[in-house]
Amino acid sequence: MHAMLAARTARALSKTGAKKECAHHLHIARAALDKGPHDDDPKSLYWVDYGEVEMIAGSSALQLGDPAEALRRFEAGVKASYPGEEEYPRSHAIYLARAAEAHLAMHDLDAAVATTHRAARCLGSVESARSTSELNGLREKLVPHTAHPAVREFLQVE
């Protein structure tokens, strides 16, 4: 419970531009996970693990204008055995869309398109207005880059 609250606080702080405070709350979230589960943790928080906290850290870094750190955190989430694509496709599609946005911010159009394709595949198995909205926003951000063949092809195919 403490890890989830700290991670969500960090995410909220990222939206206000509070970089140091965001990092502090992510540290609190990781430290709470290090302590292990508690008997009074709600069973509904089964999904709060290192992978989820790193995905939130990636989203926060992107919000704070640090796409390279965002990609490092998303990768750390995957390495922490984040079961997104298999178990949480809706959430994973959102995180993939954000990773694609980070690639786009770093001008890596091929990686942005490849990651966007993965996000779209995740959504093929679920219906989610929030995930669809993230993907549509990403498509809009790709439109100015239609001179790039992979972007052009993606926007015509998807």
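**Notebook: a walk through a predicted model**

I started in the loop between H6 and helix H7 (109–123), where I found His-107. Helices here are DSSP runs of H or I with at least four residues, and strands are E runs of at least two, numbered from the N terminus. I noted that this is a predicted model, in which local features need pLDDT of at least 70 and side-chain atom pairs count only at pLDDT 80 or more, while totals for chains, interfaces and linings use all residues. Residues are numbered from 1 along each chain as its sequence is written, and side-chain values use heavy atoms, with hydrogens and water left out.

**Entry: His-107**

I looked up the backbone and found a positive phi of about 65 degrees at His-107, although it is not a glycine. Most residues other than glycine have a negative phi. Is His-107 buried or exposed? His-107 counts as exposed because its relative accessibility is 67%. My cut-offs are under 20% relative accessible area for buried, over 50% for exposed and partly exposed in between, with a 1.4 Å probe and protein chains only.

**Entry: the cores**

Next I turned to the nonpolar cores, which are sets of buried Ala, Val, Leu, Ile, Met, Phe, Trp, Tyr and Cys residues joined through side-chain atoms within 4.5 Å. The largest has 28 residues, and Leu-26, Val-48, Val-53, Ala-70, Phe-74 and Tyr-95 touch the most other members. At least two residues of this core come from each of H1 (2–16), H2 (19–34), H3 (50–63), H4 (67–79) and H6 (89–105). I also wrote down a second, separate core of 10 residues, with Ala-97, Ala-100, Leu-123 and Leu-138 among them.

I then followed Ala-70 and, not counting residues up to four places away in sequence, saw it touch Gly-58, Ala-61, Leu-62 and Ala-102. Contact here means heavy atoms within 4.5 Å.

**Entry: H3 with its partners**

How do H3 and H4 pack? Their axes are 7 Å apart, at an angle of about 170 degrees, so H3 is roughly antiparallel to H4. The axes are lines fitted to C-alpha atoms, for helices over the stretch in contact, and angles run from 0 to 180 degrees between N-to-C directions. Under 35 degrees counts as roughly parallel, over 145 as roughly antiparallel, 65 to 115 as roughly perpendicular and the rest as oblique. Among the residues in this contact are Gly-58 and Ala-61 of H3, and Ala-70 and Phe-74 of H4.

I checked H1 against H3 too: the axes come within 8 Å and cross at roughly 10 degrees, which means H1 is roughly parallel to H3. H1 brings Ala-7, Arg-8, Ala-10, Arg-11, Ser-14 and Lys-15, and the H3 side includes Val-53, Ile-56 and Ser-60.

**Entry: Ser-14 and the cysteines**

Ser-14 sits in helix H1 and counts as buried at 2% relative accessibility. Leaving aside neighbours within four places in sequence, I found Ser-14 in contact with Cys-22, Ser-60, Gln-63 and Leu-64. Cys-22 is buried as well, at 2% relative accessibility, and Cys-122 is buried at 5%. How many disulfides does the structure hold? I found zero, taking a disulfide as a pair of cysteine sulfur atoms within 2.5 Å.

**Entry: Phe-154**

My last stop was helix H9 (residues 149–157), where Phe-154 has its place. Phe-154 counts as buried, at 1% relative accessibility. Beyond its neighbours within four places in sequence, Phe-154 is in contact with Val-113, Thr-116, His-117, Arg-139 and Leu-142.
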